[in-house]
Amino acid sequence: PRHRAVANLIEALGADKPVLEFGVADAKAHRKWWRNRIETEGLKSDTANKDFSNMASLLSHYYESLDLDDPPRPYSGISIREKNAKKTRKLEIPVEWIKEKWLAPGAFDGLNEEARDILLISIETGCRQAEIHDLPSDAIVLDAEIPHLRVTFEEGDEKREIKNGSSVRLVPLVGIALAAAKRHPQGFPRYRDKRGYSNLINKFLRNRGLMPSAKHTVGGTRHAWESRLKATGLVSDDRAEMMGHSVGSARAREV
């Protein structure tokens with residue numbers, strides 16, 4: 001996503017330029033370029049705002065590395081808001097569909113074991129797909145009193161980035177997720193630090209008639225898991241922590 005944001009910015013400016021010469025006018029040109037694309041190509045403002053967020057983060061880290069006393073913030077206030085935009089989220093995969101279709105004998109025949117077990121873990125943990133397939137080899141902890149996944153920023157040979165600080169958490173392993181993790185105690189090297197998993201699993205499920213509709217994606221397992229938590233009566237704060245969401249943002253105040 002960061003590489004894409006930089007490429008889009010360079011296209012918006014019509015040229016590359018030294019980072020320290022980048023200013024508010026350039027960020028506004030980036031926004032203008034995106035507004036035009038949204039109008040002419042029907043793209044979503046969320047996509048543009050992710051670009052702005054990624055660029056702001058990159059620049060902030062660069063300025064920090066230079067130890068600037070008063071680092072610039074060219075992307076401050078740069079965003080695109082659609083007044084009439086409806087909030088959307090990925091469609092949930094119904095629990096009965098998972099039980100009857102996905103867990104049926106032979107449903108995943110022809111799918112490699114790593115891809116299958118990443119999916120099974122996502123069903124019973126609510127983790128983002130990358131949080132599972134990018135796990136370092138020691139982040140599946142099976143010998144603890146409660147077996148779990150360690151989702152956090154990692155340094156060293158298996159350096160790992162995750163979405164944000166709120167995503168840092170320990171994720172309990174139960175049921176089919178625990179069984180799948182035991183089959184891959186060192187993680188999923190076939191997909192670690194790669195981005196082919198989502199396309200592969202969605203294509204496989206569609207070709208097999210294992211998606212409830214053309215609009216559903218595997219990401220819907222995460223929202224289905226949250227709905228299952230809600231149905232048990234688990235309070236919002238606890239659900240947010242288990243999902244790796246910011247409780248402060250959910251409350252719109254500090255915790």
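Two strands count as paired if DSSP finds at least two bridges between them. That matters here for an open sheet of three strands, in the order E1-E2-E3 with antiparallel pairing. This is a predicted model, where local features need pLDDT of at least 70, side-chain atom pairs count only at pLDDT 80 or more, and totals for chains, interfaces and linings use all residues. Residues are numbered from 1 along each chain as its sequence is written, and side-chain values use heavy atoms, with hydrogens and water left out.

**The sheet**
- Helices (H or I, at least four residues) and strands (E, at least two) are DSSP runs, numbered from the N terminus.
- The edge strands are E1 (140–141) and E3, since each pairs on one side only.
- E1 and E2 pair in the antiparallel sense over two bridges, and Val 141 has His 148 in E2 as its bridge partner.
- E2 (residues 148–151) and E3 run antiparallel and are joined by four bridges; here Leu 149 has Val 171 in E3 as its partner.
- In a regular strand the side chains alternate between the two faces of the sheet.
- E3 (residues 169–172) has Arg 169 and Val 171 on a covered face, with Leu 170 and Pro 172 on an uncovered one.

**Helix H1**
- Buried means under 20% relative accessible area, exposed over 50%, and partly exposed in between (1.4 Å probe, protein chains only).
- Ala 5, Asn 8, Leu 9 and Ala 12 are buried in H1. They cover an arc of only 100 degrees around the axis, which puts them on the same side of H1; the arc is that of the directions from the helix axis to the C-beta atoms.

**Helix H5**
- The expected span of a helix is 1.5 Å times one less than its number of residues.
- For the 13 residues of H5 (residues 113–125) that should give 18 Å, and the end C-alpha atoms are 18 Å apart, which agrees.
- H5 is mostly covered, with eleven of its 13 residues buried, including Glu 114, Asp 117 and Glu 124.

**A nonpolar patch**
- Val 19, Leu 20, Tyr 62, Leu 66 and Leu 68 make a nonpolar surface patch of about 410 Å².
- Patch residues have over 30% relative accessible area and no salt bridge, with like charges joined within 9 Å and nonpolar side chains (Val, Leu, Ile, Met, Phe, Trp, Tyr) within 5 Å.
- A salt bridge is a side-chain nitrogen of Lys or Arg within 4 Å of a carboxyl oxygen of Asp or Glu.
- Val 19 is found in the loop between H1 (2–13) and H2 (24–41), and is partly exposed at 34% relative accessible area.

Methods. Accessible areas come from the Shrake-Rupley method with a 1.4 Å probe; for residues, only the protein chains shown count as cover.
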